[in-house]
Amino acid sequence: MTSAAELIPQTSPSPPLLDPAAWMRWLQEHVDPEWRPGEWSQQPWFFDGDLNNPRTAAGQCITASCWTLVRGPNMICRHCTDTHEASGLSRDEFLASYQRPRVRKERGTDSERCVLERSSGRCERPAHSVGLCRTHYCRWRRHSRQGITLEEWLATSTAMPMAAKPACIVRDCANQQMLAGLCFSHHETWTREKRLSGATRDAAEWARLTTAVLRTNQFCLLAMDEPVRWE
C-alpha cells in the first residue's frame, strides 16, 4: 500500500541565482586578449582569418587562376568543379591551365563606375543602368525618347562627371551611400529585415550592429547581445 508521504511530489532544490554582473566579469577575465593576433579585433568583434594560417579552416580554390574562397584547404570551388567536369581535362591539367573569367562585381559591392567621362575625369558614381549612374541615366532617358542613342548623348551632352558620395555608414563598407546613409546593398538588407521581422531600428542603429558582406574566412559578433559575445 502506498503511503501518503510517497504521494507527495519530491521537488529538487532551486538552482542558485546567477549574478549577471559577476558572470560578465568572469567571462572578461578568462578571454585571451592575444587570441589570433592580427586576425581578431576585439572592439569591433570582427575576425578576418589569415588564409596562410594553418588554424584557419577556409582556403582559396586551388585552381591557379581562381580567387574564390572555399570552406577548407586544398579544395576546388563549385564553379571550377563544374567547369572541370565539362572540360575533358585531367584534374592537374585543369588546375594549371584554366583561366577563370573575371566577374564584373563581387556580391555586395558597388557596380563599376558610370561611363560618362570628360576632360576633367570620369564620373565616380556607381553605374545603375546601361553603364550610367542614376543621375546621368535619368538625364539620358529624357533624351532617348527623342531617338537619341546613348553614344550620341555621351558625345554631345553637357552633363559633367559627379563626385563620389560618402561611404555607407556600415563599418568597413566602401560602397557609396544611396538612401538613409546606406549603400544599395545594405539598404536592401535593412528594409527586408524590417519587413520580415517587424524590427523598428532606424538605419543608423541597424548599421552600428551590422557589418559589410562577410567572406568565408570572416565572422562578426557585433550584432549579438553583450553576454553572448563574451561567451
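**Close-up views of a predicted model**

View 1. Asn74 is exposed, with a relative accessibility of 62%. The model shown here and in the other views is predicted. Asn74 sits in the loop that runs between strand 4 (69–70) and helix 3. Its phi is positive, about 55°, although Asn74 is not a glycine. Asn74 counts as exposed because its 62% relative accessibility is over the 50% cut-off.

**View 2. Arg36, a buried loop residue with positive phi.** Arg36 lies in the loop between helix 2 (20–30) and strand 1 (40–41). Arg36 is not a glycine, yet its phi is positive, at about 45°. Is Arg36 buried or exposed? Arg36 is buried, with a relative accessible area of 7%.

**View 3. The salt bridge between Arg36 and Glu39.** The side chain of Arg36 also takes part in a salt bridge, and its partner is Glu39. The N to O distance is 2.7 Å. Both partners are buried: Arg36 has a relative accessible area of 7%, and Glu39 has a relative accessibility of 7%. Each counts as buried because the cut-off is under 20%. How many salt bridges does the whole model hold? The count comes to three. The other two are in helices, one in helix 3 and one in helix 8.

**View 4. The salt bridge between Asp82 and Arg78 in helix 3.** Arg78 and Asp82 form a salt bridge, with their closest N and O atoms 3.1 Å apart. Both residues belong to helix 3 (residues 78–87). They are four residues apart, about one turn of the helix. Arg78 is exposed, with a relative accessible area of 59%. Asp82 is partly exposed, at 37%.

**View 5. The salt bridge between Glu205 and Arg208 in helix 8.** The side chains of Glu205 and Arg208 meet in a salt bridge, at 3.0 Å from N to O. Helix 8 (residues 203–208) holds both residues. Their spacing is three residues, about one turn of the helix. Glu205 is partly exposed, with a relative accessibility of 29%.

View 6. How many disulfides does a search of the whole structure find? The search finds zero. Cys66 shows why: its sulfur is 3.8 Å from the closest cysteine sulfur, in Cys77, too far for a bond. A disulfide needs the two sulfur atoms within 2.5 Å. Cys66 is buried, with a relative accessible area of 3%.

View 7. Cys173 is in no disulfide. The nearest cysteine sulfur belongs to Cys183 and is 3.8 Å away. Cys173 is buried, with a relative accessible area of 9%.

**View 8. A patch of positive charge on the surface.** Which arginines gather in this patch? They are Arg139, Arg141, Arg142 and Arg145. Arg142 lies in helix 5 (residues 134–144). Arg139 is placed in helix 5 as well. Arg142 is partly exposed, with a relative accessible area of 49%. Arg139 is partly exposed too, at 30%.

**View 9. Gln60 and Met75 across the sequence.** Gln60 is in strand 3 (residues 59–60). Gln60 is partly exposed, with a relative accessibility of 41%. How far apart in space are Gln60 and Met75, C-alpha to C-alpha? The distance is 7.5 Å, for a separation of 15 residues in sequence.

**View 10. His79 and Thr68.** His79 belongs to helix 3. His79 is partly exposed, with a relative accessibility of 32%. Thr68 is eleven residues from His79 along the chain. The C-alpha atoms of the two residues are separated by 9.0 Å.

Notes
Residues are numbered from 1 along each chain as its sequence is written. This is a predicted model: local features need pLDDT of at least 70, side-chain atom pairs count only at pLDDT 80 or more; totals for chains, interfaces and linings use all residues. Side-chain values use heavy atoms; hydrogens and water are left out. Patches are made of residues with over 30% relative accessible area and no salt bridge: like charges are joined within 9 Å, nonpolar side chains (Val, Leu, Ile, Met, Phe, Trp, Tyr) within 5 Å. Accessible areas come from the Shrake-Rupley method with a 1.4 Å probe; for residues, only the protein chains shown count as cover. A salt bridge is a side-chain nitrogen of Lys or Arg within 4 Å of a carboxyl oxygen of Asp or Glu. Lys and Arg count as positive and Asp and Glu as negative; His and the chain ends are not counted. The place of a charge is taken as NZ of Lys, CZ of Arg, CG of Asp or CD of Glu. Buried means under 20% relative accessible area, exposed over 50%, partly exposed in between (1.4 Å probe, protein chains only).
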